[in-house]
Amino acid sequence: MEVPMSCCSTDGTCSTTTTATAPAAVTTVFTVAGMTCGHCEQAVGKAVGALEGVQAVRVDVQGGLVSVDSAAELDDAAVRAAVDEVGYELTGRA
């Protein structure tokens with residue numbers, strides 16, 4: 001006689017797992033004035049990266065652009081405050 005297979009183990013735990021998909025990141029590109037070097041890149045990247053919900057930051061010093069991947073839409077005022085705090089000027093969205 002064949003015994004049907006079960007997803008439950010002999011100790012009563014279930015081995016069935018589900019995989020949750022991460023929500024798609026929101027990418028926002030900001031223009032920032034005053035960046036001229038690697039130090040600027042690091043300072044702005046660190047400041048913006050510390051904001052809640054930020055997943056990744058890419059800084060293009062020559063283009064004056066900061067691309068931010070976040071879990072949800074960012075508050076421009078919070079990004080502006082972070083950039084201002086380290087001595088640069090967020091001039092808007094690109």
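**Close-up views of helix H2 and its surroundings**

**View 1. The buried residues of helix H2.** In helix H2 (residues 76-85), the residues that count as buried are Val79, Ala82 and Val83, where buried means under 20% relative accessible area, exposed means over 50%, and partly exposed lies in between (1.4 Å probe, protein chains only). Seen down the axis of H2, these buried residues fall within an arc of 95°, so they line one face of the helix; the arc is that of the directions from the helix axis to the C-beta atoms. Helices (H or I, at least four residues) and strands (E, at least two) are DSSP runs, numbered from the N terminus. This is a predicted model, in which local features need pLDDT of at least 70 and side-chain atom pairs count only at pLDDT 80 or more, while totals for chains, interfaces and linings use all residues. Residues are numbered from 1 along each chain as its sequence is written, and side-chain values use heavy atoms, with hydrogens and water left out.

**View 2. The two sides of H2 and what follows the helix.** The exposed residues Ala77 and Glu85 are carried on the face of H2 turned away from its buried side. The cover over the buried residues of H2 includes strand E1 (26-33), helix H1 (38-49) and strand E4 (89-93), with contact meaning heavy atoms within 4.5 Å. After H2 comes Gly87, whose phi is positive, near 95°.

**View 3. The largest nonpolar core.** A nonpolar core is a set of buried Ala, Val, Leu, Ile, Met, Phe, Trp, Tyr and Cys residues joined through side-chain atoms within 4.5 Å. The largest one holds 17 residues, of which Met35, Val44, Val66, Val68, Val79, Val83 and Tyr88 touch the most other members. Two or more residues of this core come from each of E1, H1, strand E2 (54-60), strand E3 (65-70) and H2, and H1 gives the most, with 4 residues. Not counting residues up to four places away in sequence, Tyr88 touches Val32, Ala33, Gly34, Met35, His39, Cys40, Ala43, Val44 and Val83.

**View 4. Ala47 in helix H1.** Ala47, which has its place in helix H1, is buried, with a relative accessible area of 16%. Leaving aside neighbours within four places in sequence, Ala47 is in contact with Ala82 and Val86. The C-alpha atoms of Ala47 and Asp84 are separated by 9.4 Å, although these two residues are 37 residues apart along the chain.
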